[in-house]
Amino acid sequence: MQPDDSQYLQRKCRIGDIDVHPTEKALVVYYEVEASILGESGNARHEEKKECQKIIRLRSLNASTDISSLARKVVEECKIIHPSKLAEVEHLLLYLQNRKKPSSKSEKKEKKPLKPRELLPFEGMEIDEEANINKIDDYIELLYENIPEKIRGSTLILHLARNPDNLEELLHNETALGALARVLREDWKHSVELATTIIYVFFCFSSFSQFHGLITHYKIGVLCMNIIEHELKKYDVWQDELEKKSKAYILFSLRKEHEKTLKKYQSFLVKQEQLLRVAFYLLLNLSEDTRTELKMRNKNIVHLLVKSLERENEELLVLVVSFLKKLSIFLENKNDMAEMDTVEKLARLVPCEHEDLMNVTLRLLHNLSFDTGLRTKMVHVGLLPKLTALLGDDMHKHIAMRILYHISVDDKSKSMFAYTDCIPQLMQMLFEHGEERIDTELISFCINLAANKTNAQIICEGNGLKMLMKRALKMKDPLLMKMIRNVSQHDGPLKQLFIDYVGDLAAQIKLEGNEEFVIECLGTMANLTIPDLDWELLLKEYNLVPYLKDHLKPGSAEDDLILEVVIMIGTVSMDDSCAVMLAKSGIIPALIELLNAQQEDDEFVCQIIYVFYQMVFHQATRDVIIKDTQAPAYLIDLMHDKNVEIRQVCDNTLDIIAEYDEEWGKKIQSEKFRWHNSQWLEMVESRQMEDAEPYLYGDDPDALEQPDLFYSTDGMMPPEPGLSPDFYSQFHSQNGDFSSCNGAEGRPATAYGFRPDEPFFHGYGSSR
């Protein structure tokens, strides 16, 4: 059908039901639009019907709102609601006002990350005619006139583009899109309204991935970044000028002039923030493609976004923070954010009344908290008490706890929690779980905090330790027992508190089926180096010696459990009578057998040698070790181990043996001399080689040309195929941290802390 055959387009709107939004404070209006194309005779040539819905958000609705007045306002402002529906609207508003919050189960579910709110019509988009796709050529002609006509033409096209049904047709109109791109390129500095409107047109296309190629073709993304950069510089100029004028106005009491300047500034700010919002939103949509995002990064998108965090417009801030959150998972962007003091700028947004802004800000902070340096900054800028306060907010407590958990990983930051009310809140959460399993993130956080002595003291205040022990023993919860174990490692009054629970812990050791829980019970008991504790009575009453001996056999249990048994023996051996009891039971040969089996594991070796160290203190066990076993020979072999801790424990043990046994003393002294002598000879030889190197080639200038002076490739291993220099570049620092293995740690056993999961940040060159 040709356009000339039709006389006009007739539209009818039929209202349907009105209902409340299931989760928000909003009304949902359902209606049907019927469009008819009438011929010259007035007969309908073509009819189409479309079901639509309109959401009316009621931000001001609260317990004190006048429902009658609000209902009248809704009916007056929403043209598709007939006045006869006033009573129904009032009834629905009353229901919304009295609707309760979600039940406790749904409260536990944290708020899902939201996309920035959809762009709404802004000031300057109003127009006195209805846009018609059939008049597109007329609108294009306006783009060749002066600025006011260009604004009108682009606004009419924008009204068309906001309807997704028109995008396909606009896509094929290269004249319209080319004209819009040209006008934006040439005139964006002349009119903020014009630039905003045209970018908005292309934003409508950017909402659909299949149209991103079109935007790239016209280079709108690059243009948007140039416009944003220019506008931010203009903002800085305005700020400086406003500051200077304010001082002058105050000095000369020019109040009216000051008000005029402020009014002009506010007008500039509103228009500029509309432009920034639509431009950033377009770029956010385009950044779906990682390659496009990388190009933005190279053009300093992070700098532009962080600079925009200084604004007060909450909708703009939601968009900016959302964009930064998306970028923050890449190492390069995270480093840029660190350099620009992003954490300091985000700190002012916590807390805030805008729920979406609060939610997305916390999620960005969570992403950044995987970096050690940024976690430290969060503490320095005062975020710790702010985040702690959010633990009482059902909407944000889960994400706040994850950030605090990451902060608690750092030993320097652990102590800072003692100066907040964080620990009492966590203890209350632990005891509120009843028979349910404790949330992993909650108990992991508590485990980290318990590794600090001051925090552990707060945990044990009142009946804290008693309640923890009662729950752990009842639920057989290994993570809760791990927290208790960390508390037990601290010297002083804290260890004395465990005397009442030693029997309960000993009774758990022989339980079958929950090895993880037994490991933590053993570890807790092994930490109790208390003089007042009668270990001999405990071992006899619970018949623990056979259990300990049986679990020293390689393969008798998991390595973690066997290691805890060794540590436990080391603690018990501090008692003279217990050491004798263990020696008579044949535990020393069992330890030597285990040492042979686990000689590659530094932690096992270190802890077994520590047991020997404890036993040589006592006369009875010292004679057994020296005369009846080959333990001293093993210790001599380990004197020069690569691990510093092993060498240190060995030296201390051998010094005691040498003091009490003359024969072994000579052997030990001889071995030490042999070792030092070989080290000295090796050093002398290496120095002689270094001194000879400058004279290797003599004074012959052609020496380097002689091929026989270079290393021959004969007999060398061929290079591994498929490895390029790029392979090694993958091993770069993540999170700003390099991990290193310092070997086994000595006694007492180190606190078991939880660290963040696998490295969070990715490079643009690596898989996501």
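This is a predicted model: local features need pLDDT of at least 70, side-chain atom pairs count only at pLDDT 80 or more; totals for chains, interfaces and linings use all residues.

Mentor: Residues are numbered from 1 along each chain as its sequence is written, and side-chain values use heavy atoms, leaving out hydrogens and water.

Trainee: At roughly what angle do the axes of helix α34 and helix α35 cross?

Mentor: Helices are DSSP runs (H or I, at least four residues) numbered from the N terminus; α34 covers residues 587–597 and α35 residues 602–615. Axes are lines fitted to C-alpha atoms over the stretch in contact, with angles from 0 to 180 degrees between N-to-C directions. These two axes come within 10 Å and cross at roughly 155°.

Trainee: How is α34 oriented relative to α35?

Mentor: Angles under 35 degrees count as roughly parallel, over 145 as roughly antiparallel, 65 to 115 as roughly perpendicular and the rest as oblique. The crossing angle is roughly 155°. Therefore α34 is, relative to α35, roughly antiparallel.

Trainee: Into which classes do the residues of the contact of α34 with α35 divide?

Mentor: Contact means heavy atoms within 4.5 Å. On the α34 side stand I588, L591, I592, L594 and L595, facing F604, V605, I608, V611, F612 and M615 of α35. Ala, Val, Leu, Ile, Met, Phe, Trp, Tyr, Cys and Pro count as nonpolar, Asp, Glu, Lys and Arg as charged, and the others, Gly among them, as polar. The division is thus no polar, no charged and 11 nonpolar.

Trainee: What is the orientation of α1 to α2?

Mentor: Helix α1 (residues 67–77) and helix α2 (residues 86–98) have axes 9 Å apart. Their packing angle is about 125°. That makes the orientation oblique.

Trainee: How many charged residues does the contact of α1 with α2 have?

Mentor: In α1, I67, S68, L70, A71, R72, V74 and V75 meet L86, V89, E90, L93, L94 and Q97 of α2. By class, nine are nonpolar and two polar, and the charged residues number two.

Trainee: Which helix supplies the largest share of the lining of the second largest cavity?

Mentor: The lining consists of I423, L426, M427, C446, L449, I459 and M483. Both α22 (422–432) and α23 (440–450) supply at least two residues each. The largest share, three residues, comes from α22.

Notes. On a 1 Å grid over the protein atoms alone, a cavity is a set of points where a 1.4 Å probe fits but cannot get out, and a pocket is an open set with protein on both sides within 12 Å along at least five of seven lines; lining residues have an atom within 4 Å of a point.
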